[in-house]
Amino acid sequence: KSCITEIEEAIKNEDEEKIKELVDIDSCIDMYLLQEYVKNTDVGWSSFYMYKRDGKDKLRFGPAWDFDIAMGNDYRLDKGSYENIYVGRYSGFYQQSWWYIYLCRMEWFRDLALERWNTSFYSYAEETMNDMKEYAKLNWEELENNFERWKIFGRKINSEPKQIRALRSYLEHYRY
């Protein structure tokens, strides 16, 4: 509790030196970019993990987990849009991560995030999307079978927007 409180105070006070002393900035930025890239509405309240290896360790962000209401699969945010900045800017949505909102107000953090995006994250994201396309081709039948087992087309299970509920096949989901 004291660790989290100390970090939160450093973030609110925009104390760059203290933040870098307490937080593993590389993992923090990687997690920010990932969560922003997929517009994950869980980032501020659920299934968001951090850890320390021991009492002297910096707070590390990860593992990344739970993306069921990401990538436009949540009607409560921008009517299910997968566009726009979400994680780093307050949008009025109650599930947001205040840490990232405050960090993204700091020029040094934005500069580091932009540098990471330009030097490695963008190419990694592009490579991952290509891997996903290959995975989908190789496993098409098994992925179709998921929807045979779980009759979810057209149904609201969690926070799916209309445009997701309108999809009637795995191919339509893949294209979306």
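**Labels and their cut-offs**

Tutor: The chain has eight helices and two strands, where helices (H or I, at least four residues) and strands (E, at least two) are DSSP runs, numbered from the N terminus. Along the sequence the pattern reads α-α-α-β-β-α-α-α-α-α. This is a predicted model, in which local features need pLDDT of at least 70 and side-chain atom pairs count only at pLDDT 80 or more, while totals for chains, interfaces and linings use all residues. Residues are numbered from 1 along each chain as its sequence is written, and side-chain values use heavy atoms, with hydrogens and water left out.

Student: Why is tryptophan 150 called partly exposed?
Tutor: Buried means under 20% relative accessible area, exposed over 50%, and partly exposed in between (1.4 Å probe, protein chains only). Tryptophan 150 has a relative accessible area of 48%, so it counts as partly exposed. Tryptophan 150 sits in the loop between α6 (140-149) and α7 (162-165).

Student: What makes Trp150, Ile152 and Ile157 a nonpolar patch?
Tutor: Patches are made of residues with over 30% relative accessible area and no salt bridge; like charges are joined within 9 Å, and nonpolar side chains (Val, Leu, Ile, Met, Phe, Trp, Tyr) within 5 Å. Trp150, at 48%, is over the 30% limit. Together Trp150, Ile152 and Ile157 have about 290 Å² of accessible area, an area from the Shrake-Rupley method with a 1.4 Å probe, where for residues only the protein chains shown count as cover.

Student: How do you know that lysine 20 and glutamate 16 form a salt bridge?
Tutor: A salt bridge is a side-chain nitrogen of Lys or Arg within 4 Å of a carboxyl oxygen of Asp or Glu. For lysine 20 and glutamate 16 the N to O distance is 2.7 Å, so the pair meets the 4 Å limit. Both residues lie in helix α2, four residues apart, about one turn of the helix. Lysine 20 is partly exposed at 31% relative accessibility, and glutamate 16 is partly exposed at 30%.

Student: What makes glutamate 21 and lysine 18 a salt bridge?
Tutor: Their side chains meet at 3.3 Å, N to O, so this pair also passes the 4 Å limit. Glutamate 21 and lysine 18 lie in helix α2, three residues apart. Glutamate 21 is partly exposed at 47%, and lysine 18 is partly exposed at 24%. Salt bridges that share partners join Glu6, Lys18 and Glu21 into one network.

Student: Why is the pair of glutamate 148 and lysine 151 called a salt bridge?
Tutor: The closest N and O atoms of glutamate 148 and lysine 151 are 3.7 Å apart, therefore within the 4 Å limit. Glutamate 148 and lysine 151 are both exposed. A search of the whole structure finds 11 salt bridges.

Student: How do you know that the length of α5 is close to the expected value?
Tutor: The expected span of a helix is 1.5 Å times one less than its number of residues. Helix α5 (residues 107-138) has 32 residues, and its first and last C-alpha are 43 Å apart, close to the expected 46 Å.

Student: Where does α5 bend?
Tutor: α5 bends by about 55° at tryptophan 117, the bend being the angle between axes fitted to the seven residues ending there and the seven starting there.
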